[in-house]
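Q: Could you take me through how the helices pack in this one? I'd like to go slowly.
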Amino acid sequence: MPLIVLPTSQRLWVRVAALLFTCVAFSVASHGGALPHGGMSDWCIFCWAFSFACTLLVLLVEVFGLQARIPVSWTNFPITVACYASLLCLSASVIFPLFFLKDQHLSGEVRGHHIAATVFSCLAAVAYMGEVSLTKARPGEVAGYMATAPGLLKVCQTFVACIIFILISDPVSYDHHPALKWCMAVYCICFILSMAVVVLCVGECTGWLPIPFSKFLSAYGLLAVIMYLTATIIWPVFQFDKPYRRGSQTSSKLIAVAVLTALNFLLYLADLAYTARLVFVST
């Protein structure tokens, strides 16, 4: 019978706060918000519910002292959950008021539920950011890869890629020129490899690689920077220049994809710089 342990640390209270905030956010929005089914409402509910479920799992494992029985790296799993949850709640905090508060004619009660969900979503995002700040590796500290800057950047890269996939798939905006299909290939390849690194670290499977993990990170980081550089140049050229543009007007989604592509290029560039520094320092 596992012994219940109640650690009194800042991280515990931050996780409890995030748990409560996400619970209130999706409860208020789903039961009193009169939201339509599908679309952005489902995305926001998913963000809060997923963050709540993963945080509850982390809390239960730590309270009951089950870390050794969980088949994942406990130095990497909690901070990975916190980083993804912070990005999910942050996206919901932006999307929910834009779609369900701004320019909406709502009754007083429904509007109050929407405001409450937005406020608690913002509080949850702040709580998760606080957890990431408390858990991330400090200079000179021995920590899991996901607690380092390159690990956190991997989470951001995969999240930005997911947003890009959502924007370019509805409607499909990459099928009218081979160059845009190359951009889609860049997004997919880099997303798969970044997610593979996250899974390998969380699952403690980095030893399965046929080459040293540090060399894999360096080679992949350089490849991703080059590929995203090409996509950063190609996407706006073949979407916005008149000879290649489809239609007379430029969609805001296409502009957002161009901005997010440039953002992910900067994230991969920073990742490569941090990875090279870690490799050279360790050697």
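Q: Which way do H2 and H3 cross, left-handed or right-handed?
A: In this predicted model, H2 passes H3 in a left-handed crossing, a term used if the near helix is turned anticlockwise from the far one by less than a right angle, with clockwise counting as right-handed. Helices (H or I, at least four residues) are DSSP runs, numbered from the N terminus.

Q: And what is the angle there?
A: Helix H2, residues 40–63, and helix H3, residues 77–100, pack at an angle of about 155°, and their axes are 9 Å apart; the axes are lines fitted to C-alpha atoms over the stretch in contact, with angles running from 0 to 180 degrees between N-to-C directions. H2 and H3 are therefore roughly antiparallel to each other, the word for angles over 145 degrees.

Q: What kinds of residues make that contact?
A: The contact of H2 with H3 has 21 nonpolar, four polar and one charged residues, where Ala, Val, Leu, Ile, Met, Phe, Trp, Tyr, Cys and Pro count as nonpolar, Asp, Glu, Lys and Arg as charged, and the others, Gly among them, as polar.

Q: What about H6 and H7, how do they cross?
A: Helix H6 (residues 178–202) and helix H7 (residues 213–240) cross at roughly 150°, with axes that come within 9 Å, and H6 and H7 are therefore roughly antiparallel to each other. The crossing of H6 and H7 is left-handed, and the residues of their contact divide into 22 nonpolar, three polar and no charged.

Q: Switching topic, what is the volume of the second largest pocket?
A: The second largest pocket has a volume of about 580 Å³. A pocket here is an open set of points on a 1 Å grid where a 1.4 Å probe fits, with protein on both sides within 12 Å along at least five of seven lines, and lining residues have an atom within 4 Å of a point.

Q: Which residues are closest to its centre?
A: Of the 19 residues that line the second largest pocket, Met40, Ile95, Phe99, Ile163 and Leu167 are the closest to its centre. The largest share of the lining, seven residues, comes from H3, and the lining divides into 14 nonpolar, three polar and two charged residues.

Q: Anything to know about the numbering and cut-offs?
A: Residues are numbered from 1 along each chain as its sequence is written, and side-chain values use heavy atoms, leaving out hydrogens and water. Local features need pLDDT of at least 70 and side-chain atom pairs count only at pLDDT 80 or more, while totals for chains, interfaces and linings use all residues.

Note on methods: Helices (H or I, at least four residues) and strands (E, at least two) are DSSP runs, numbered from the N terminus. Angles under 35 degrees count as roughly parallel, over 145 as roughly antiparallel, 65 to 115 as roughly perpendicular and the rest as oblique. Grid points are joined across faces, edges and corners, and a volume is the space filled by probe spheres set on the points.
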